[in-house]
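Visitor: I have the sequence and the coordinates open. Could you go through the terms used for this structure and say what each one rests on?

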Amino acid sequence: MNSVHTIHGGIHPREEKQLSRPGQVIDAGLPHELILPLSQHIGAPAEPIVSVGDHVKGGQRLAEDQGAVSAAVHAPTSGHITAIDMQPVPHPSGLTNVCIRLTPDHADEWLVLQGLADYRSEAPDTVIAHIRAAGISGLGGAGFPTATKLLARERSAIHTLIINGTECEPYITADDTLMQVAAEQIVAGAEILAHILGAETILYGVEDNKPAALKAMREALAASDDALGQQQVVSFPTKYPSGGEKQLIEILTGEQVPSGGLPADLGIVCQNPGTAVAVRDAVIDGKPLTDRLVTVTGRAVSHASNYRVRLGTPIAHLLALAGFTPGSRQRLIHGGPMMGFALETDAVPVVKTTNCVLAPTQEELPAPPPAQACIRCGLCAEACPASLLPQQLYWYARAKDQEQLEKHHLFDCIECGACSWVCPSSIPLVQYYRAAKSHIVETRDDKQRAERSKGRFEARQERVEREAAERERKRAERKATAQQKAAASEADDPVQAAIARTKARKEQAAQTKDAS
Amino acid sequence: MLSDYALLLVGAVLVNNFVLVQFLGLCPFMGVSNKLETAMGMSAATTFVLTLASVCSYLTYNYLLEPLGLTYLRTISFILVIAVVVQFTEIVVRKSSPLLHRVLGVYLPLITTNCAVLGVALLNINKAHSFTQSLFYGFGAALGFSLVLVLFAAMRERLTVADVPEPFQGAAIGMITAGLASLAFMGFSGLV
Amino acid sequence: MLGLLTHYPLLTALTALLCLGMVFGALLGFASVKFRTEGNPLAEQINTLLPQTQCGQCGHPGCRPYAQSIADGGAINKCPPGGQETIDALANLLDIESQPLDAEHGVEKESRVAFIREDECIGCTKCIQACPVDAILGAAKLMHTVIADECTGCDLCVEPCPVDCIDMVVRKAGIAHWSWPMPASPEHTNIIATDKEAA
């Protein structure tokens, strides 16, 4: 496990990590209002279990997770629920979503928290239930509910847990800081995760531009009793995007996750160090996920640093703490300069996936120049860490050729932005791929719905025909019985009988007349 | 002996390529090369037809027309032979692969009017080829046709999604590309 | 016989051609009987590309009859719910030129769902009988309601309703239905100096 491998492509943008003074944590305190979106993760939104006007304590569950892929939401402090309504949320669309609004009472009263006394003696499913109850989802990027990710152990044998301390994106230093200040907690969390998964090996992947973090992690590892077996801190050369889960796996193990597959298919699970700490807090202290480290950086803030922030804190509060001075055409980026997205307003709250708030000046991160025609230079293919053909994907995305896009493995694209970064014509390649992906997913959905409608239509045709045939059969039956009756008993026919009687009477009357 | 046939083959496929050097069979070349899938189906059908037609025309010429001194009827009887072979191929294709039949559609009967097929039959006479030579020549011609058709179809598929100026879109850029491909194939002259 | 033939070369030629023709004709006749095929699976393949709304806007009573008409050589641009995408897919399948949607049959609109205003519903079951996919729940003299997930937006139920209580509403667009827009293509390649940002 000593040797590290390299990934294809990759780029070396300016790191700008020193700007946010990694290793230092400032407490962001409590804002005047906390806004908690019900959907801070991939999957179904949580359902509120509190009402407007309720008084809640810190750590109290506010919303239940719904279904297998979902996460619960907890109160980060004590206070009153003032509203459950649509608020702006951090999302590239700039749209609103349902949020629980909490006004802190600044008493910061918490529920009595109960962790597991000895997690090693518990069944893995019990520990996973504890993690699910704490509402933990991945803190590193996409926000996949952790409890669901850990259930991978049921489908595949997991032998390695990788803690992803790479943090390859420029400007962001949240994980670097966490590793420097909370190394023992990360190790403890990793051990819990490895116990659940049944993994014998734990690898902590850290880029070599974080010497202090590497030192802290190695010391923490040395201090721990390493009861599990093999644990190792592995450092490797800095390159963007080494922190992508598939890329990190290739660097540390030399194996590639198969196209369309998951790391669990190789027996590997990756987790962010922040998630590991959250797991440790949930299992040992019984504390649900209610805060995280956020890097506030960029030259438009005077005090760039890492802040410990309660979930739901409006970004405006953080920016004020960090000494934000907006410039002309100021951009606010949620995330980093490569994979983050711009925010329309600073009223959006910090959510579970907020690792960085970037406020760059115009000189620091100028707006991209207008896109020009593709010159077919092929630099994008050289830079792609997934060994795809970005130029072909670009042409087919423009032509909306879904068949070719799938043939060129569009869904293996991790949207890292390396291709757009190297493009000499400044073509926003990743935007094309994102649009193409949603278009393909939409078409698949439409096809499924059309299939279903066709099935229902055919079933209806069948039903109508069956009913018509039934009616026809009954009618024929009735007609047959009626005919039968008429043929068999003409004597019993009342009409005929009446006619016969009238005839008889007439005859009698005529006879009597004759007689007289 | 074998090298003679190899030379015959290389000559028919590359040096004197029927489409790009001798400029025969340009109709299906331009008409069917829009999609790679169609092009491959067309190549397979043309290969089958060309080889069979080459052999049948040889037999017709040498065992019917020549003994009876009716060599002046070769054009019309070759056309007859080709039409029959194409029709036969269509029937077989429709039975064996309905998908291929649907993909080729109207292009299958159009092989009848493909001048490359008649050209091969007549050239065999001109060059006084033997039976095996006719067979190899016909097969080589078909191979050359298929090679160029598939290459061109692949290029045209890329051209469809590329940023071509409006006046050039469609057949125009196709023609220019074919011209450039022809120039490239002229590089083979002098190979055999 | 042979003497006759040698004397009249024209006769020889005609006889030779005739014989050739007869031989080939026999061969083809034999082949067409031996390699006979049945059926036309093309209509089924066309049907899978159609949106299955069964709305009748194309002039045919459902998607399958329209698919059959296309297989028989009908126009491919009569389906508004399918839109331009479906026309392009059909053109691709049949290897013919794509065409714009025939405005005579309707225009492409965003997908809609039927909604019954329950206060006004009289429970006559006319809409239930009209729905081609049985997406309306209800019974005689009882409340009717549309199962939104099954509704294809064909609006065949709007006409039969005697109290006109059915609305066609646009499907909700929210954050869950948002998707990335396609960036504008660089149509113009002549970038002048002032288009670039100051370094």
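Visitor: How far apart are the centres of domain 1 and domain 2 of chain A?

Guide: In this predicted model, the C-alpha centres of domain 1 and domain 2 of chain A are 35 Å apart. The domain assignment of chain A puts domain 1 at 18-27 + 109-321 and domain 2 at 370-482.

Visitor: What makes up the contact between domain 1 and domain 2 of chain A?

Guide: Contact requires C-beta atoms within 7 Å. By that rule seven residues from domain 1 of chain A and seven residues from domain 2 of chain A take part. On the domain 1 side, two are nonpolar, four polar and one charged.

Visitor: Why is helix 6 of chain A called mostly covered?

Guide: A residue is buried if 20 or more other C-beta atoms lie within 10 Å of its own. Eight of the nine residues in helix 6 (residues 245-253) of chain A are buried, so the helix is called mostly covered. Among them are A:Leu248, A:Ile249 and A:Ile251, but also A:Glu245 and A:Lys246. For chain A as a whole, 46% of the 516 residues count as buried.

Visitor: What do the buried residues of helix 6 of chain A pack against?

Guide: They pack against four strands of chain A: strand 9 (160-165), strand 10 (201-207), strand 11 (230-236) and strand 12 (268-271). Just after helix 6, A:Gly254 takes a positive phi of about 80 degrees.

Visitor: What makes a set of residues a nonpolar core?

Guide: The members must be buried, belong to the listed nonpolar types and be joined through C-beta atoms within 7 Å. The largest such core has 99 residues, and A:Ile131 is one of those that touch the most other members. Helix 4 (residues 183-197) of chain A supplies the largest share, ten residues. Beyond four places in sequence, the contacts of A:Ile131 include A:Ile136, A:Leu150 and A:Val279.

Visitor: How many residues make up the contact between chain C and chain A?

Guide: Chain C contributes 24 residues and chain A contributes 25. The chain C side has eleven nonpolar, eight polar and five charged residues.

Key: Residues numbered from 1 in each chain as written. Chains lettered and ligands numbered in written order. Predicted model: local features only at pLDDT ≥ 70, side-chain atom pairs only at ≥ 80, totals over all residues. Buried ≥ 20, exposed ≤ 12 C-beta atoms within 10 Å, placed from the backbone. Helix = DSSP H or I, 4+ residues; strand = E, 2+ residues; numbered from the N terminus. Contact = placed C-beta atoms within 7 Å. Nonpolar A, V, L, I, M, F, W, Y, C, P; charged D, E, K, R; others polar. Domains from an automatic or database assignment.
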